[in-house]
Amino acid sequence: MPLQESVPVIKADNLPEKPNFNPEDARDSGKKIEFRRVPVPQHRLTPLKTSWMQLYTPITENLKLDMRMNLKTRKVEIKSTKDTILPGALQKAADFIHAFLLGFEIRDAIALLRLDDLYVEGFEIKDVKTLKGEHLSRCIGRLSGKSGKTKFTIENATKTRIVLADTKIHILGSFQNIRVARDALCNLILGSPPGKVYSKLRSIPIS
């Protein structure tokens, strides 16, 4: 006969008492001081200095964070305080500063502090197509359009904001809208005429 293992029987009386945890207070979870450091490119030091108070005020007053500029490391340092309540405040503030340093206007970047479903995505022209010399210059011109018309049209049609920084492109918006704007920009890079890109944008529902 095969041996059968004996399974110990645990009586309900022998079970340890159920632990009783107090509900977590948001202020308690924020007592651990956390940091974020955002590197500042050389060409954005002057705009950062000029707009410092417009960046500093919403971060310190609304999100209850501390912020300072470390000139030695050339980084914006943000840290939580005992008054910080929102658990995602530190990351929101870092994204806000990062978006400004990429070239977005403060009035656009500040939406990252107010809304949860906004993101910044970036890519380079060479990620889509390898272009050099005049071909690259013409491509950048196509993306912008005369007096920025093409860029503004894509922004308004997709409810996004776009920064063209030489060969780098940054898009601010919701995940779905970024995808639509990116597809439109990629089509322009690949050589599609603006009129065709506009027609395609009009056929796509944007939320």
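I began with strand 2 (residues 65-70) and strand 3, which pair in the antiparallel sense over six bridges; strands are DSSP runs (E, at least two residues), numbered from the N terminus, and two of them pair if DSSP finds at least two bridges between them. This is a predicted model, in which local features need pLDDT of at least 70, side-chain atom pairs count only at pLDDT 80 or more, and totals for chains, interfaces and linings use all residues. Residues are numbered from 1 along each chain as its sequence is written, and side-chain values use heavy atoms, with hydrogens and water left out.

Within this pairing I found M69 opposite V76 of strand 3. The hairpin of strand 2 and strand 3 has four residues between the strands, and R74 there takes a positive phi near 55°.

I then turned to strand 1 (residues 35-39), which pairs with strand 3 in the antiparallel sense over five bridges, and noted that E77 in strand 3 is the bridge partner of R37.

Where does T84 lie? I located T84 in the loop between strand 3 (75-80) and helix 4 (89-102), helices being DSSP runs of H or I with at least four residues. T84 counts as buried because its relative accessibility is 5%, and buried means under 20% relative accessible area (1.4 Å probe, protein chains only).

Looking at its contacts, I saw that the side chain of T84 reaches the backbone oxygen of K64 at 2.7 Å and the backbone nitrogen of T81 at 2.9 Å.

How values were computed:
Buried < 20%, exposed > 50% of the residue type's maximum accessible area, 1.4 Å probe, protein only. Polar contact = N/O pair within 3.5 Å; in protein donor to acceptor, adjacent residues only side chain to side chain.
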